[in-house]
Amino acid sequence: MPRPTGRVLTLLELLQSGGTRTVAELADRLGVEGRTVRRYVEQLIDLDVPVESVRGRYGGYRLAPGYRLPPLMLSDDEALAVVLGLVAGRRAGLTMTDRTANETASAKIRRVLPKHIARRLDTLLEALAFTDQPGGSDHPDAVVLLAVADAVRHRRPVSIRYTDRDGRRSERTLHAYGIVAHAGRWYVTGKDAGVGEDRTFRLDRIADARTLPGSFEAPVGPGPAERLLSGFATAEYRHEVTLRIHGTAEQIRAHFPAGVASLGEYESAAGEDRATERWLRVELRAERLDWLPPVLASLDRPFVIERPDELRDLVVALADRLTSSARRSRPRGTNS
């Protein structure tokens with residue numbers, strides 16, 4: 001039979017799962033009488049766990065927000081999920097606090113894991129690999145992130161102090177539509193009230209954020225993530241590239257994702273199945289062109305370069321090098 005202390009901890013775990021629990025439900029789960037449940041609740045309150053009583057027909061007990069975090073009860077799977085989330089977030093650069101806070105939180109949870117769960121976690125981490133390098137120090141300030149999130153939720157203007165990639169500082173009033181995590185960084189999309197146009201800002205470059213009086217209506221149409229990717233694909237860069245590629249949208253998107261290029265129809269025949277291979281127009285902007293010839297070669301699809309001529313020359317040069325290498329004979333005296 002479980003000891004009273006064990007039942008108290010079980011009661012805490014039940015309350016932490018959310019909602020209001022009736023006395024009858026708790027008594028049934030704990031295998032005790034109603035008055036014993038009330039005594040256990042009093043013990044939690046003595047430990048400064050914010051348990052509040054709910055009156056009425058469907059009343060009972062529930063956890064209320066407290067001035068400090070109460071003892072937290074996690075199942076085995078929940079503990080694994082939390083630690084893996086911290087590890088993955090740190091590796092992807094998507095932590096909203098500094099690296100030390102992330103590591104100390106992971107260490108605290110791992111320290112209290114049962115041995116069999118700790119072994120499972122170590123086994124998983126040993127088998128886990130990441131394609132990207134660990135995230136750098138460009139994480140957003142937690143206070144800024146939460147202030148912007150509050151402005152998004154309540155549709156209130158927010159004043160920000162921003163430093164652009166050239167080091168220029170400015171103060172702006174932003175109507176924030178949403179926050180997006182992409183490629184190891186946090187972004188906020190919204191309307192810059194000063195210029196009356198949609199903009200995307202990196203959250204780690206915002207030094208201060210203050211909500212302002214008033215409100216605004218969010219625009220209809222694409223969501224924040226789609227706006228971010230579309231903005232990346234149409235951003236001003238040195239070269240404007242236009243291609244025609246014969247294939248399905250899925251085949252092309254495998255090499256030119258939405259954050260890199262925009263896709264459009266090109267001479268699509270009436271009644272043609274949109275899922276079948278056909279000519280599609282691909283438009284993108286880039287600071288450099290040297291990465292494009294290998295990508296086009298890896299497509300293994302017919303393509304036409306509409307512009308710029310410089311890209312056409314680079315593709316021809318790559319083809320010449322590949323042809324020359326393929327025709328090069330094996331040196332005499334070498335083994336196959």
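**Note on the predicted model: core and salt bridges**

1. The largest nonpolar core holds 18 residues, and those with the most contacts inside it are L243, F256, V282, L284 and L311. Elements giving two or more residues to this core are β8 (239-247), β10 (278-286), α10 (292-299) and α11 (309-327). Such a core is a set of buried Ala, Val, Leu, Ile, Met, Phe, Trp, Tyr and Cys residues joined through side-chain atoms within 4.5 Å; helices (H or I, at least four residues) and strands (E, at least two) are DSSP runs, numbered from the N terminus.

2. The model is predicted: local features need pLDDT of at least 70, side-chain atom pairs count only at pLDDT 80 or more, and totals for chains, interfaces and linings use all residues. Residues are numbered from 1 along each chain as its sequence is written, and side-chain values use heavy atoms, with hydrogens and water left out.

3. Leaving aside residues up to four places away in sequence, L243 touches F256, L280, R281, V282, L296, V304, I305 and L311 (contact means heavy atoms within 4.5 Å).

4. The whole structure contains 17 salt bridges, each defined as a side-chain nitrogen of Lys or Arg within 4 Å of a carboxyl oxygen of Asp or Glu. In helix α11, D309 and R312 lie three residues apart, about one turn, and their side chains form a salt bridge at 2.6 Å, N to O. D309 is exposed at 52% relative accessibility, whereas R312 is partly exposed at 32% (buried means under 20% relative accessible area, exposed over 50%, partly exposed in between; 1.4 Å probe, protein chains only).

5. Salt bridges also link E240, R285 and R307 in a network.
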